[in-house]
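Dear colleague,

Please find below the structure that I am handing over to you. My notes on what was found in it follow directly after.

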Amino acid sequence: EAWDDVNGGWLDPAKVREARDTEIGWVHKQKCYGIVPRQMCFDETGKPPIPLGWIDTNKGDEDKVDYRSRLVVREIKMDSRLDLFSATPPLETMKLLIAKCAKGQARKHPLRLATIDIKRAYFYAPVRRDVYVELPPEDWQPGDEAMCGKLRVSLYGTRDAASNWQEEVAKVMRRLGFSQGRYNPCTYFNAARGLKVLVHGDDFVAVGPRSEAKWMEEELKKLFE
């Protein structure tokens, strides 16, 4: 049996296994880690691989069951690392975008507000340091006794996952012609297309003409799911 780590209560084991299999499928699809000898971890870090865990929850309600399982790294903060900081946008930024959209309804091409959510965003963020993890039992194969995983992308639970994702978003947005905000790095502006964008974690909020917002959505779909 598995416990619902978000809402509390026991979950259906069969549905939990199905949700975990889905997550492992994503781990394989995104090539989240390469399988390497455990000795490599000790040689490079002087420590054993970091253990993994599962967060299981039912995100549905009484009428709809929606099991989700997230594979997470149990990395514990042992020191102060300001370089792992990741910014968040202030609430005033959202208010500003909504006001901008509301005032743009009399234009020839009225402004629209678009929201885009990236699935498993951290799986798209390359790591910027060496991180070794234990292999989850769901991905263990005979012969893996002396093996571990070396991360290629940022699994949830690693201390720099959010900052790595923020760095990847910044690279993508610059390639799409956006300028990053000076006041807050979670804001972007594309003058040529008239788009103002806020990014909070894996959520994008954009204000601009409908055609331009659709353009941004289609460009992000080429890179993320």
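This is a predicted model: local features need pLDDT of at least 70, side-chain atom pairs count only at pLDDT 80 or more; totals for chains, interfaces and linings use all residues.

Strand S10 (residues 187-190) and strand S11 (residues 195-200) run antiparallel and are joined by four bridges. Strands here are DSSP runs of E with at least two residues, numbered from the N terminus, and two strands pair if DSSP finds at least two bridges between them. Tyr 188 has Val 197 in S11 as its bridge partner. The two strands form a hairpin with four residues between them, and Gly 194 in that turn has a positive phi of about 65 degrees.

S11 is also joined to strand S12 (residues 203-209), again antiparallel, by five bridges. Here Val 199 has Phe 204 in S12 as its bridge partner. This hairpin has two residues between the strands, and Gly 201 takes a positive phi near 65 degrees.

Residues are numbered from 1 along each chain as its sequence is written, and side-chain values use heavy atoms, with hydrogens and water left out.

A further antiparallel pairing is that of S4 and S5, over seven bridges; in it, Asn 58 stands opposite Tyr 67 in S5. Strand S4 (residues 52-58) is mostly covered, with six of its seven residues buried, where buried means under 20% relative accessible area, exposed over 50%, and partly exposed in between (1.4 Å probe, protein chains only). Ser 69 belongs to strand S5 (residues 67-73) and is itself buried, at 6% relative accessibility. Its side chain makes a polar contact of 2.6 Å with that of Asp 56. A polar contact is a pair of N or O atoms within 3.5 Å; within protein, one must be able to donate a hydrogen and the other to accept it, and residues adjacent in sequence count only if both atoms are side-chain atoms. Beyond its neighbours within four places in sequence, Ser 69 is in contact (heavy atoms within 4.5 Å) with residues including Val 16, Ala 19, Trp 54 and Asp 56.

Three strands form an open antiparallel sheet in the order S3-S8-S7. Its edge strands are S3 (33-37) and S7, each of which pairs on one side only. S7 pairs with strand S8 (residues 147-151) over two bridges, and Tyr 132 has Lys 150 in S8 as its bridge partner. Tyr 132 is found in S7 (residues 132-133) and is buried, with a relative accessible area of 2%. The side chains of Tyr 132 and Glu 44 are joined by a polar contact of 2.7 Å. Leaving aside neighbours within four places in sequence, the contacts of Tyr 132 include Val 36, Met 40, Pro 49 and Cys 148.

Finally, the structure holds one cavity of 30 Å³ or more. On a 1 Å grid over the protein atoms alone, a cavity is a set of points where a 1.4 Å probe fits but cannot get out, and lining residues have an atom within 4 Å of a point. The largest cavity has a volume of about 30 Å³, the volume being the space filled by probe spheres set on the points, which are joined across faces, edges and corners. Among its lining residues are Val 127, Arg 129, Ser 154 and Asp 160.

With kind regards

Terms used
On a 1 Å grid over the protein atoms alone, a cavity is a set of points where a 1.4 Å probe fits but cannot get out, and a pocket is an open set with protein on both sides within 12 Å along at least five of seven lines; lining residues have an atom within 4 Å of a point.
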